[in-house]
Amino acid sequence: MLRSMTGFGRKESVYQDLRVTVEMRAVNHRFCEVVVRLPKSYAVLEDQVKKIVGAKVQRGRVDITISLERQAAAQKTVAVDWELADQYVQLSREATIRLAVEGRLSVHDLFAMPGVLTTAEPEQLAPEDIAEWVSATVNEATDDLLLMKEREGERLLADFKQRLQKIERCAEEIHTLSPTVVEEHRSRLLARIAEWQSELKQEFEEQRIMQEILLLAERADITEELTRLSSHCVEFRNQLNGAEAVGRRLDFLLQEMNREANTICSKANHVGISHLAVEIKAELEKMREQVQNIE
């Protein structure tokens with residue numbers, strides 16, 4: 001199936017109290033390049049993500065952003081160092097007796113003492129704990145990306161087929177006109193020879209004239225170019241139905257088709273054929289712009 005190189009895919013999923021969001025943006029690129037952005041603590045999963053995407057995307061650059069966030073506010077834990085608290089209380093009592101001063105240590109004061117209260121962040125899941133879950137989400141996001149690439153590919157496919165049909169129609173008209181090229185060359189040559197004979201008052205050898213006509217006919221013959229152009233059109237249509245990445249092959253075929261159109265235009269030296277060849281070249285140029293977006 002024909003696929004575009006551009007597209008977007010997104011997927012979210014939840015595991016325990018974590019939410020993962022995977023976003024993918026694909027753009028044109030000569031080769032397959034996958035760029036992954038992950039939180040630093042989970043950077044070890046990068047190679048795994050690249051393998052998943054690389055197995056499904058054959059050409060183009062894919063930028064992947066994976067974010068992980070907790071579903072609810074993180075619940076911190078609070079701990080009391082009771083031994084340290086006892087020491088503060090004991091020191092407070094000793095100070096009251098030793099210094100003969102009044103004063104009581106309140107709970108608020110006690111908890112404000114350094115080291116009595118400590119808070120701890122919730123334990124973070126290790127990369128190996130979420131690897132399978134993240135991989136599954138990346139797979140789903142990749143499928144979402146491919147779906148968009150295939151939808152765009154269908155539109156390009158319809159456009160290519162329409163333009164191929166126009167090129168083939170122009171080629172058929174050229175084929176119809178091509179026999180008249182030699183006859184027109186022959187008529188012009190004979191007219192000039194008659195004019196020269198009148199001016200120079202001498203006869204030209206008929207055999208020599210026929211040789212010149214044959215030479216012109218050979219130079220103006222575009223049968224081979226039309227045959228190759230037709231063959232390239234058939235091959236282009238076959239490639240459109242291929243299962244693999246065909247962007248580079250299609251680009252090569254368009255270059256060859258453009259070369260045949262140029263040769264037809266230069267060899268025929270015929271106004272009607274030249275106009276048709278220009279129409280073919282215009283369609284090929286539009287197709288070349290589109291084919292740059294094919295995977």
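Guide: A salt bridge is a side-chain nitrogen of Lys or Arg within 4 Å of a carboxyl oxygen of Asp or Glu. This is a predicted model, in which local features need pLDDT of at least 70, side-chain atom pairs count only at pLDDT 80 or more, and totals for chains, interfaces and linings use all residues. Residues are numbered from 1 along each chain as its sequence is written, and side-chain values use heavy atoms, with hydrogens and water left out.

Visitor: How many salt bridges does the structure hold?

Guide: Side chains of opposite charge can pair when their charged atoms come close. This structure holds 23 salt bridges. Take Arg19 and Glu12: their side chains meet at 2.9 Å, N to O. Arg19 is partly exposed at 23% relative accessible area, and Glu12 is partly exposed at 35%. The scale is this: buried is under 20% relative accessible area, exposed is over 50%, and partly exposed lies in between (1.4 Å probe, protein chains only).

Visitor: What separates Glu256 and Arg259 in helix α7?

Guide: About one helical turn, because they are 3 residues apart in α7 (residues 247-268). Helices (H or I, at least four residues) and strands (E, at least two) are DSSP runs, numbered from the N terminus. The closest N and O atoms of the Glu256-Arg259 salt bridge are 2.5 Å apart. Glu256 is buried at 18%, whereas Arg259 is partly exposed at 45%. Salt bridges with shared partners also build one network from Arg10, Glu12, Arg19, Glu23 and Arg25.

Visitor: Which strands pair in the antiparallel sense, and which run parallel?

Guide: β1 and β2 are antiparallel, over 9 bridges. Phe8 has Arg25 in β2 as its bridge partner. The two strands form a hairpin with 2 residues between them, and Gln16 in the turn has a positive phi of about 55°. β3 and β4 (residues 60-70) run parallel, joined by 6 bridges. There, Val34 stands opposite Val62 in β4. Contact means heavy atoms within 4.5 Å.

Visitor: Which residues touch the most other members of the largest nonpolar core?

Guide: A nonpolar core is a set of buried Ala, Val, Leu, Ile, Met, Phe, Trp, Tyr and Cys residues joined through side-chain atoms within 4.5 Å. The largest has 31 residues, and Leu2, Phe160, Phe236 and Met257 touch the most other members. Two or more residues come from each of α4 (127-200), α6 (223-240), α7 and α8 (271-291). α4 gives the largest share, 9 residues. Beyond its neighbours within four places in sequence, Phe160 has contacts including Leu2, Phe236, Leu240 and Met287. Apart from this core lies another of 26 residues, among them Leu38, Ile52, Leu125 and Trp133.

Key. Two strands pair if DSSP finds at least two bridges between them.
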